[in-house]
Amino acid sequence: MTKIAIVTDSTASIPKSIADKLNIYQVAYYIHRGTEMLQDLVTIQRKEFLKWLSSTDKLPTTASPGPGDYLSMYEKLAHEGFEEIISVHMTSKGSGAYQATKIAQSMIHETMKNLKIKVIDTLNVSMCQGWMVIEAARAAKSGSSLEEIVAKIEGMIPITQMIQTADTLRYLYMGGRIGKATHLIGSLLSLKPLISMDNGEIVSLGVARGLNKAYQKMVAHVEATIGPGVRIKVAYVHAGALEKVQILKEIVESKLDCIESFITELSPALMVHTGPGTTGLCYFPVID
């Protein structure tokens, strides 16, 4: 059986237990904090970073891994005996990761022409990207071919969606990642903005007055999107807001048919842009 490796980035925010079980390989994003250069989930962890982020008045910057980072990963996997690699990354409209992987792909083919690498732009972020990676890794373990796994991921891209809300849009705005939701900047504190992704860019789904109404609006949006009786897989994401996201989980699973779900915390590199207090969900309908 051909060995297929699944590669992604730390920003996918996949729970470590799942990544370890499925042998998912991850390349770390970078966080520049003053003169420090931190590696996401390698030299900086969630709890420590969140504590610092909540008190700072100067937002750090983030950077995607460079071609050399991906080249090193691909070479490592080739030396471990992998013959094919599927490399799955966040939206190319919000990060340079996809472009960096394409460069690395070209570089390694100069010396390892038989190594087959497929690079995929998910046009999404966070656990939407993560779900595609998880399903790909499961398929690889079950013996699916590279072509079958790629087709599975490409089928998930248009139907996997993120909806999240934050205590403030300050972090998205300061980081320049607000996309087409700039009109929400002036929202009152009591209004909770709902944001999503459309074709790789951040978009607004409106606002709700208070967190509970925001969660109800999230569920209504999912119901309207998937239609009646459709089962979903969902990951609940948060940034230092476990108790809040547990409430969201209870509401969602009281109204929707969730055949798989778990809670995960965003990686520090994503926390830079969402800020503390962010909660949301990433889901896709399961089509038999």
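Modeller: Happy to! The second largest pocket has a volume of about 360 Å³ (the space filled by probe spheres set on its grid points, joined across faces, edges and corners). A pocket is an open set of points on a 1 Å grid over the protein atoms alone where a 1.4 Å probe fits, with protein on both sides within 12 Å along at least five of seven lines; lining residues have an atom within 4 Å of a point. This is a predicted model, where local features need pLDDT of at least 70 and side-chain atom pairs 80 or more, while totals for chains, interfaces and linings use all residues. Residues are numbered from 1 along each chain as its sequence is written, and side-chain values use heavy atoms, without hydrogens and water.

Back at the pocket, 18 residues line it, and those nearest its centre are K16, A19, D20, Q26 and L41. Two elements, α1 (16–21) and β2 (24–27), each give two or more residues to this lining. The largest share belongs to β2, with four residues. Sorted by class, the lining holds ten nonpolar, four polar and four charged residues (Ala, Val, Leu, Ile, Met, Phe, Trp, Tyr, Cys and Pro are nonpolar, Asp, Glu, Lys and Arg charged, the others, Gly among them, polar).

Now to the helices (DSSP runs of H or I, at least four residues; strands are E runs of at least two). Helix α3 (residues 67–79) and helix α4 (residues 97–108) cross at roughly 50°, and their axes come within 8 Å. On the α3 side the contact uses P67, Y70, L71, Y74 and E75, and on the α4 side A97, A100, T101, I103, A104, Q105, M107 and I108 (contact means heavy atoms within 4.5 Å). Ten of these contact residues are nonpolar, two are polar and one is charged.

With helix α5 (residues 126–141) and helix α6 (residues 146–156), the axes cross at roughly 155° and come within 9 Å. The pair is therefore roughly antiparallel. From α5, W131, M132, E135, A136, A139 and A140 meet I149, K152, I153 and M156 of α6. That contact has eight nonpolar residues, two charged ones and no polar ones.

Nine residues of the α8 and α9 contact are nonpolar, two polar and three charged.

Technical notes:
Axes fitted to C-alpha atoms, helices over the stretch in contact; angles between N-to-C directions. Parallel < 35°, antiparallel > 145°, perpendicular 65-115°, else oblique.
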